[in-house]
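Here is a short briefing on one structure. Look at the sequence and the 3D view first, then read the points below.

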Amino acid sequence: MGDRLLVGTHKGLFRIVRAGEGRWEIERSWFLGDPVSMILALPGSGRIHAALDLGHFGVKMQRSRDDGNNWIEASVPAFPDKPDGLEDRDPFRGLEIPWSTQKIWSLAAGMPGELWCGVIPGGLFRSTDGGDSWTLIRALWDDPRRRQWMGGGFDFAGIHSILVDPRDPAHVTVGVSVGGVWTSDDSGDHWELIGEGLRSAYMPPDQAADPLTQDPHRIVRCPAHPDRLWMQHHNGVFISDDGGRRWRELEDVHPSGFGFAVAVHPTDPDTAWFVPAQKDEQRIPVDGRLVVTRTRNGGERFEILDTGLPQAHAYDLVYRHALDVDDQGERLAFGSTTGSLWISEDQGDAWQTVSHHLPPILCVQFQA
Amino acid sequence: MPTLSFTSNLTRHTPCPDAAFDAATVAQLFDCYFSQWPDVRGYVLDDQGAVRNHVIVMVDGRGLHDRRRLSDALGSESEVFVIQALSGG
């Protein structure tokens, strides 16, 4: 059961603990004043990786081997030298794509010692030594279709979801905003663009079904049923039963199919949670009422969960990495752009406010 | 010899003492400095070796001209300061 929660914010990293009688409180903080764009806590090891996004001085990686008591600065995923004369520009706006890590947007663990890291402007990196060094996955970066990717919320494309198949860690699937869903069966040496059935209404009609134009905001995989994937897409909620090759859109999701975050139950592939928002021009809770939606039957029906959540004048937006479920599938946590943090101990039936005064929350993760 | 100094805000993240090296360009000055304090490099330069977007390098009171290749010439008494650009927040 998740008794501890890491919260990465625009002004530091925090740990929230269950203090007793179901009350959660802030235990400690690290890196106060610095944006923490991504965290990865490896279960049972005391290892925590934290990605810092320093406004002036670039992206940094910090690593702890003793559960946060001590941190050391670790290697940062960095791009190789860009060949002289190479034209690499955003296909629509003409901006020169920097061969330089601008934001660490996803971290995932693979086989022992293996880490994956997705960044803006669209690079995927792999480490086989626990983060001591990183290598750009050239097969994906050099794929000519990568140059058709475009920014989603940022100037340049980024990889925000990395799904390592628990049955075969060489099978890796990534989600790109904006560039669709890509999968590799050989630890990144070869890649296939997948995503039949996705729909991008923001593109001209004849390109709406093109897998390359899709904007998955977040993709998650059910650990116990790895072929079941859930996606919060820019255009709605999608589900896949074949590891992301084909998707089915779930319509009539109320109060909105728009949002960024999704979480799936660790053992029940039909149970998933979303935090909806008014699409997509406004990005605030519908009617100022903050709710979580939950399906328990594979998307046939969605429940609206609002107990304990503000139901008037709430303007909290929940980013794509700011919702998490614990390893038992009972406790959930989510944090918002206005610095509010909520935890549920009953799969979202009721929510407890931990704080309304944290910095804007970028990511949350239960620590097993 | 040309001198190199850093904003005190950078010392919060990594040690970066003032130093002087025999160098004819900013690139040479940085190379000498980073050979002694390699951790500082990533705070000042991006992956391609250009000055980070929100970092300013002042050379004798003027902004560095060649932020990509750092080819600006230095005199024997040049003073180089690395400061943060307020555009970065």
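The model is predicted. Chain A has one helix and 28 strands. Its radius of gyration is 19 Å, close to the 21 Å that the globule rule gives for 368 residues, so chain A is as compact as a globular protein of that length.

**Overall build of chain A**

- The C-alpha trace of chain A spans about 60 × 50 × 40 Å along its principal axes.
- Of the 368 residues in chain A, 50% count as buried.
- Take the contacts in chain A between residues at least 6 apart in sequence: 50% of them join residues at least 24 apart.

**A four-stranded sheet**

- Strands pair in sheets through backbone hydrogen bonds, in either a parallel or an antiparallel way.
- In chain A, four strands form an open sheet in the order β4-β5-β6-β7, and the pairing is antiparallel.
- The edges of this sheet are β4 (36–42) and β7 of chain A, each of which pairs on one side only.
- On average, neighbouring strands of the sheet are turned by 25° against each other, with direction ignored.
- Within chain A, strand β5 (residues 47–54) and strand β6 (residues 58–64) are antiparallel and joined by seven bridges.
- Leu52(A) has Lys60(A), in β6(A), as its bridge partner.

- Six bridges link strand β16 (residues 216–222) to strand β17 (residues 225–233) of chain A in the antiparallel sense.
- A hairpin of two residues connects β16(A) with β17(A).
- Arg221(A) has Leu229(A), in β17(A), as its bridge partner.
- β17(A) also runs antiparallel to strand β18 (residues 236–240) of chain A, with five bridges between them.
- Here too a hairpin makes the link, passing from β17(A) to β18(A) through two residues.
- Opposite Gln232(A) stands Val237(A), in β18(A).

**A residue in a loop**

- Where is Arg93(A) in chain A? Arg93(A) sits in the loop between β7 (72–74) and β8 (103–109).
- Is Arg93(A) buried or exposed? Arg93(A) counts as exposed because it has 10 C-beta neighbours inside 10 Å, and the cut-off for exposed is 12 or fewer.
- From C-alpha to C-alpha, Arg93(A) and Trp182(A) are 23 Å apart in space, and they are 89 residues apart in sequence.

**Contact with chain B**

- On chain A, 13 residues are in contact with 15 residues of chain B.
- The residues on the chain A side comprise five nonpolar, five polar and three charged.

Conventions. Residues are numbered from 1 along each chain as its sequence is written. Chains are lettered from A and ligands numbered from 1 in the order in which they are written. This is a predicted model: local features need pLDDT of at least 70, side-chain atom pairs count only at pLDDT 80 or more; totals for chains, interfaces and linings use all residues. Two residues are in contact if their C-beta atoms, placed from the backbone, lie within 7 Å. Ala, Val, Leu, Ile, Met, Phe, Trp, Tyr, Cys and Pro count as nonpolar, Asp, Glu, Lys and Arg as charged, and the others, Gly among them, as polar. The radius of gyration is taken over C-alpha atoms; the globule rule is 2.2 Å times the number of residues to the power 0.38. A residue is buried if 20 or more other C-beta atoms lie within 10 Å of its own, exposed if 12 or fewer, and partly exposed in between; C-beta atoms are placed from the backbone. Two strands pair if DSSP finds at least two bridges between them. Axes are lines fitted to C-alpha atoms, for helices over the stretch in contact, and angles run from 0 to 180 degrees between N-to-C directions.
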